[in-house]
Amino acid sequence: TVIDRAVQVIYRPYLADPRPENMPILADLHKALLDQHIPEADRVAQALDLYVNGSLNVFNHRTNVELNNRIVCFDIKELGKQLKKIGMLIVQDQVWNRVTINRGIKSTRYYIDEFHLLLKEEQTAAYSVEIWKRFRKWGGVPTGITQNIKDLLASREIENIFENSDFILMLNQAAGDRQILAKQLNISPYQLSY
């Protein structure tokens, strides 16, 4: 309830005048929580403080990514371990928003390099499965790219992703990986020779 109340307050100016500079940031949420002057809101604000004023405040800013470009590249490589999961979720959410906006107008292609990393975290793995299941209906074309097939196949979610993939391209694989893929994808020895 305290978060819902604060979100309504901080989004009011943006909804009245939806310009990028009016988009609220975490600091606005933090302040709106503190302005309620109740213990529950203070506890939530205290939990947010690390992300607003502390060393993990990287997301307490408006985006510097031009999201209206035809091609947008998100690079989360340099996010520390603590921010990597939230960074991946933010990117996935942004891509889902773009697919929603483009629905019925044009296709949205989503290329994920080092895809196995998304499948290591429970939340981003679950979100990835939803993307694979629903994107096609909305004009999205997700593409996962990885060199680490063993890491990819270690995910519980990969079966759902394979079942919802129309096309799988495999380049030369190590012998052990070939056997794993043959079993997982029901590839015959003749097909495997290629």
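Mentor: Start with a cut-off: a residue counts as buried when its relative accessible area is under 20%, as exposed when that value is over 50%, and as partly exposed in between. The model is predicted, so the values below are computed from predicted coordinates.

What is the relative accessible area of Q173? The value is 18%, so Q173 is buried. Q173 sits in a loop, the one between α7 (158–163) and α8 (175–185). The side chain of Q173 reaches the backbone oxygen of L171, at 2.9 Å. Now set aside the neighbours within four places in sequence. Q173 is then in contact with I149, R178 and L181.

Is D166 buried or exposed? D166 has a relative accessible area of 67%, so it counts as exposed. Q173, at 18%, is buried. D166 forms a salt bridge with R136, with 3.4 Å between the closest N and O atoms. R136 is partly exposed, because its relative accessible area is 40%.

How many salt bridges does the structure hold? There are 5. Others among them involve R19. The R19 side chain meets that of D17 at 2.7 Å, N to O. R19 also meets E21 in a salt bridge, again with a distance of 2.7 Å, N to O. Check their accessibility. R19 has 38%, so it is partly exposed. D17 has 30% and therefore counts as partly exposed. E21 has 44%, so E21 is partly exposed too.

Next, a nonpolar patch. I3, V7, Y11 and L15 form it on the surface. Together they have about 350 Å² of accessible area. I3 lies in helix α1, residues 2–16. With 42% relative accessibility, I3 counts as partly exposed.

Y51 is in helix α3, which covers residues 39–52. Y51 is partly exposed, because its relative accessible area is 31%. Leave out its neighbours within four places again. Y51 is then in contact with L26, L56, N57, N60 and L83. Q36 is 15 residues from Y51 in sequence. In space, their C-alpha atoms are 19 Å apart.

Now the whole chain. It holds 9 helices and 2 strands. Along the sequence, the pattern reads α-α-α-α-β-α-β-α-α-α-α. The radius of gyration is 21 Å, well over the 16 Å that the globule rule gives for 194 residues, so the chain is more spread out than a compact globule. The C-alpha trace spans about 70 × 35 × 30 Å along its principal axes.

Of the 194 residues, 30% count as buried. Q173 is one of the buried residues. The accessible surface comes to about 13,500 Å², and 52% of it belongs to carbon and sulfur atoms. Last, the contacts. Take those between residues at least 6 apart in sequence: 58% of them join residues at least 24 apart.

Note on methods:
Residues are numbered from 1 along each chain as its sequence is written. This is a predicted model: local features need pLDDT of at least 70, side-chain atom pairs count only at pLDDT 80 or more; totals for chains, interfaces and linings use all residues. Side-chain values use heavy atoms; hydrogens and water are left out. Patches are made of residues with over 30% relative accessible area and no salt bridge: like charges are joined within 9 Å, nonpolar side chains (Val, Leu, Ile, Met, Phe, Trp, Tyr) within 5 Å. Accessible areas come from the Shrake-Rupley method with a 1.4 Å probe; for residues, only the protein chains shown count as cover. A salt bridge is a side-chain nitrogen of Lys or Arg within 4 Å of a carboxyl oxygen of Asp or Glu. Helices (H or I, at least four residues) and strands (E, at least two) are DSSP runs, numbered from the N terminus. Buried means under 20% relative accessible area, exposed over 50%, partly exposed in between (1.4 Å probe, protein chains only). A polar contact is a pair of N or O atoms within 3.5 Å; within protein, one must be able to donate a hydrogen and the other to accept it, and residues adjacent in sequence count only if both atoms are side-chain atoms. Contact means heavy atoms within 4.5 Å. The radius of gyration is taken over C-alpha atoms; the globule rule is 2.2 Å times the number of residues to the power 0.38.
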